[in-house]
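Subject: Structure for your review

Dear colleague,

Please find below the structure that I am handing over to you, followed by an account of what was found in it.

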Amino acid sequence: MTHDSTAIVTGGGSGIGQAIAVELATQGHDIVIADIDEAAMEKTQDLVESKGQTARAIHTELGNEDSVESTVETVIEEFGSIEILVNNAGIAGPTTPCEEVSTDEWDLTVDVNLTGPFTMCRSILPQMKDAGYGRIVNIASVTGKRPLVNRTPYATTKMGLIGFTRTLAAEVGEHDINVNAVCPGSVDGPRIKQVFEKQAEASGRTYEEVRSEVETESPRNELVKRENVAELVAFLCSDRAGQITGQDINISAGKVMY
Ligand SMILES: NC(=O)c1ccc[n+]([C@@H]2O[C@H](COP(=O)([O-])OP(=O)(O)OC[C@H]3O[C@@H](n4cnc5c(N)ncnc54)[C@H](O)[C@@H]3O)[C@@H](O)[C@H]2O)c1
């Protein structure tokens with residue numbers, strides 16, 4: 001099942017999701033990009049097509065049940081089946097002490113990061129069970145393993161996603177459906193650059209100082225490359241990873257070791 005299969009990548013318009021979409025296309029899969037950013041989806045679509053695979057962009061709002069269900073219906077109608085689901089889309093949520101987090105901020109973070117993957121899986125699982133095959137990868141975070149001060153909503157969703165991964169893996173293994181979580185550390189790119197710039201401004205340090213401090217949290221003294229995250233995801237979706245399920249695998253340049 002390494003060729004001619006269909007993969008849905010949520011949040012595939014940019015960042016890690018785009019790298020995953022391109023890597024899965026390189027491995028011979030057709031790609032459905034499920035995102036809310038039309039322009040970003042178009043860019044990923046071009047990149048996937050340049051690898052010789054079919055790409056389809058479908059506006060999908062994680063956290064909106066009807067939107068998720070409609071996307072899954074469309075994909076099954078158009079492609080016949082879905083072999084791979086990568087629940088990648090996620091939002092950072094607020095950076096603020098717990099007592100200052102509003103209920104709206106909490107709900108939005110949970111809706112996108114946790115309820116989104118749940119509703120995606122719920123919609124796709126009947127078809128995967130009928131087919132007797134499926135590969136699901138949930139993009140969690142090292143923040144699913146250890147605390148991150150002032151990020152209670154985000155950390156809660158990523159820890160929850162690991163619990164969801166383990167439980168679902170135990171439920172569906174007999175159908176040859178594998179479910180794993182990937183836990184990246186800080187990934188290099190425009191998003192992390194903005195975070196560092198804000199931290200530098202707030203603390204009166206330079207961008208380079210903030211970046212270097214984060215890099216030294218890793219024994220390899222580096223940030224994670226999104227292409228490496230994508231390669232790990234593609235491996236988990238391949239037949240070579242057939243006996244790996246229910247795992248939460250760090251890719252953090254050694255920053256977190258459990
Ligand atoms: N960047 C990092 O350092 C890092 C580290 C650990 C884990 N992660 C996780 O990796 C995943 C991807 O992160 P990224 O840095 O590539 O993010 P990003 O912000 O670069 O991209 C996220 C994508 O998700 C889409 N999206 C946002 N809300 C959505 C919604 N409600 N419905 C559908 N699509 C939506 C955005 O349009 C965007 O294309 C997230 O789950 C994030 O928590 C990122």
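Helices (H or I, at least four residues) and strands (E, at least two) are DSSP runs, numbered from the N terminus.

Please note that this is a predicted model, in which local features need pLDDT of at least 70 and side-chain atom pairs count only at pLDDT 80 or more, while totals for chains, interfaces and linings use all residues. Residues are numbered from 1 along each chain as its sequence is written, and side-chain values use heavy atoms, with hydrogens and water left out.

Helix H3

The buried residues of H3 are Ser-67, Val-68, Thr-71, Val-72 and Val-75. These residues cover an arc of only 130° around the axis, which puts them on the same side of H3; the arc is that of the directions from the helix axis to the C-beta atoms. Buried means under 20% relative accessible area, exposed over 50%, and partly exposed in between (1.4 Å probe, protein chains only). On the face turned away from the buried side, H3 carries the exposed residues Asp-66, Glu-73 and Glu-77. The elements covering the buried residues of H3 include strands E1 (6-10), E2 (30-35) and E3 (55-59), as well as helix H4 (103-131).

At the start of H3, a side-chain oxygen of Asn-64 comes to within 3.0 Å of the backbone nitrogen of Asp-66. Just after H3, Gly-80 has a positive phi of about 90°.

Gln-45

Gln-45 belongs to helix H2 (residues 38-49). Apart from its neighbours within four places in sequence, Gln-45 is in contact (heavy atoms within 4.5 Å) with Ile-33, Ala-55, Arg-56 and Ala-57. A polar atom of the Gln-45 side chain lies 3.4 Å from the backbone oxygen of Ala-55.

Cysteines and domains

With a disulfide defined as a pair of cysteine sulfur atoms within 2.5 Å, the count is zero. Cys-183 is in no disulfide, and the nearest cysteine sulfur, that of Cys-237, is 15 Å away. Cys-183 is buried, with a relative accessible area of 0%.

The chain is divided into domain 1 (6-187 + 224-251) and domain 2 (188-223), with bounds from an automatic or database domain assignment. The centres of the two domains, taken over C-alpha atoms, are separated by 26 Å. Six residues of domain 1 are in contact with seven residues of domain 2.

Yours sincerely

Conventions:
A polar contact is a pair of N or O atoms within 3.5 Å; within protein, one must be able to donate a hydrogen and the other to accept it, and residues adjacent in sequence count only if both atoms are side-chain atoms.
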